[in-house]
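Grab a pencil and work through these exercises with the model open beside you. Try each task yourself before you read its solution.

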Amino acid sequence: MQYREIGKTGLRASLLGMGCMRLPFVNGDGNQGVDRELAFELLRHAADSGINYFDTAFGYHGGQSEAIMGEALESRRKDLIYVTKQPPWEMHDIPTIRRNLENTLKKLRTDYMDIYLMHRVMPATWDDIKEKQLLKQFEIFKEEGLIRHIGCSYHGNYEHFTKVAQEYPWEVCKVQHNMLDMKREATKEGIEFAGARGIGVAIMEPLRGGGLAYAPPVVQKVYDASEHQRSPAEWAFRYLADIPEISVIVSGMSNMQQLECNLAMFNQADMPSPLSAAEKATITAARQAYESIITINCTACNYCIPCPQGVQIPGIFGNYNDAHRFGHFDQPRRAYMFATRAGGDATKCNACGACVEKCPQGVDVVKDLQTAHEALKGWNE
């Protein structure tokens with residue numbers, strides 16, 4: 001296992017980090033909650049195998065994740081890097097912000113957080129975070145020794161990410177990136193921008209919610225043509241490991257098989273090593289093959305939103321396309337479940353047609369929303 005410096009924090013993280021958002025469920029059923037014994041076994045084996053970076057959040061698994069992680073790893077705490085996040089929407093006032101951190105520390109059975117992240121910084125929330133001076137409370141916690149390093153998890157585009165990176169002296173940032181998200185989210189250029197400023201970069205969604213662990217035939221054909229015979233997941237991980245500004249790649253491993261497979265990949269003697277021109281060409285060709293499998297011609301230009309009924313049109317189409325692109329529906333259905341809970345699913349569409357008039361791609365939005373709904377509904381039923 002390779003270890004890398006996390007920016008200027010002085011911390012050294014295992015290149016493979018453990019995400020605690022997808023812990024195993026009882027009987028594999030999300031409605032029955034986390035299987036604590038399996039989760040304990042998974043987390044402890046990860047720590048015993050050299051993973052030292054453990055990432056959770058205030059609201060993961062309905063608030064259970066922090067407590068499960070804390071109980072599982074209590075005896076190993078001194079050797080590990082604990083990372084969690086407090087969301088701005090739970091920061092109602094100064095006493096609440098402190099109480100949230102105190103509850104987190106209690107659940108994690110620790111006196112301090114190594115890294116404390118402002119959760120889901122994005123274009124819609126950043127100005128409010130600044131106006132309310134929420135990060136001032138993090139600075140007070142740091143002065144008190146309750147947290148050691150301040151960071152954020154970010155969702156948004158490159159331009160806004162560089163703005164956020166310059167407007168606060170972050171020590172760590174967690175961003176979404178993978179071999180498909182070249183023009184989405186912070187992008188590789190954003191990662192390089194953060195690294196140049198000394199910000200430690202942690203990666204989320206390295207396999208696009210698990211989708212990149214699956215290669216449909218058109219993509220597998222590309223991989224089969226390479227002199228390097230690797231699994232689709234390994235190609236995706238190696239793409240990220242080749243970026244020197246990345247400190248840690250956080251993977252949400254849900255079972256022992258996934259953990260063992262990832263450990264085997266990251267424990268290889270040549271993992272990571274600089275990608276050759278031929279390897280980069282393979283990844284580029286695979287990306288193009290994935291992108292060719294799109295069934296709804298949505299480019300996520302967002303001209304169709306806001307929808308008068310609050311339907312999350314580009315997100316729904318993105319989930320549907322990902323499901324077909326990867327040949328794997330679990331994560332897209334899970335994402336659609338969250339859209340449904342937020343009242344933004346396709347059933348809210350009243351066929352007003354406003355989106356159809358605005359779509360520059362000529363997508364029959366009303367019809368395709370129903371197609372996507374039928375394919376994505378019923379996660380974990």
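**Exercise 1. Find the handedness of the crossing of α1 and α2, then describe how the two helices pack.**

Step 1: α1 passes α2 in a right-handed crossing. A crossing is right-handed if the near helix is turned clockwise from the far one by less than a right angle, and left-handed if anticlockwise. The helix names come from DSSP: helices are H or I runs of at least four residues, strands are E runs of at least two, and both are numbered from the N terminus.

Before you go on, two notes on what you're looking at. This is a predicted model, where local features need pLDDT of at least 70 and side-chain atom pairs count only at pLDDT 80 or more, while totals for chains, interfaces and linings use all residues. Residues are numbered from 1 along each chain as its sequence is written, and side-chain values use heavy atoms, with hydrogens and water left out.

Step 2: Now the geometry. The axes of α1 and α2 come within 9 Å and cross at roughly 60 degrees. Axes are lines fitted to C-alpha atoms, for helices over the stretch in contact, and angles run from 0 to 180 degrees between N-to-C directions.

Step 3: (Under 35 degrees counts as roughly parallel, over 145 as roughly antiparallel, 65 to 115 as roughly perpendicular, and the rest as oblique.)

Step 4: Look at who meets whom. From α1 come Arg-36, Ala-39, Phe-40, Leu-43, Arg-44 and Ala-47, and they meet Ile-68, Met-69, Glu-71, Ala-72 and Leu-73 of α2. Contact here means heavy atoms within 4.5 Å.

Step 5: Sort the residues by class, and the contact of α1 with α2 has eight nonpolar, no polar and three charged residues. (Ala, Val, Leu, Ile, Met, Phe, Trp, Tyr, Cys and Pro count as nonpolar, Asp, Glu, Lys and Arg as charged, and the others, Gly among them, as polar.)

**Exercise 2. Work out which residues of α2 are buried and what covers them.**

Step 1: Count first. Helix α2 spans residues 64–73, and seven of its ten residues are buried, so α2 is largely enclosed by the rest of the structure. (Buried means under 20% relative accessible area, exposed over 50%, and partly exposed in between, with a 1.4 Å probe and protein chains only.)

Step 2: Name them. The buried residues in α2 are Ser-65, Glu-66, Ile-68, Met-69, Gly-70, Ala-72 and Leu-73.

Step 3: Find the cover. It includes α1 (36–48), β4 (53–55), β5 (81–86) and α3 (94–108).

Step 4: Zoom in on one residue. Met-69 sits in helix α2 and is buried, with a relative accessible area of 0%. Leaving out residues up to four places away in sequence, Met-69 touches Cys-20, Leu-43, Phe-54, Thr-56, Tyr-82 and Leu-108.

Step 5: Check the packing against α3. The axes of α2 and α3 are 6 Å apart, at an angle of about 40 degrees, and the two helices are therefore oblique to each other. Glu-66, Ala-67, Met-69 and Gly-70 of α2 make this contact with Thr-104, Lys-107 and Leu-108 of α3.

**Exercise 3. Decide where the buried residues of α7 lie around its axis.**

Step 1: List them. In helix α7 (residues 187–196), Thr-187, Gly-190, Ile-191 and Ala-194 are buried.

Step 2: They cover an arc of only 110 degrees around the axis, which puts them on the same side of α7. (The arc is that of the directions from the helix axis to the C-beta atoms.)

Step 3: Recall the helix rule: an α-helix has 3.6 residues a turn, so residues three or four places apart point the same way.

Step 4: See what lies over them. The cover includes α6 (158–167), β8 (172–176), β9 (200–204) and β10 (246–251).
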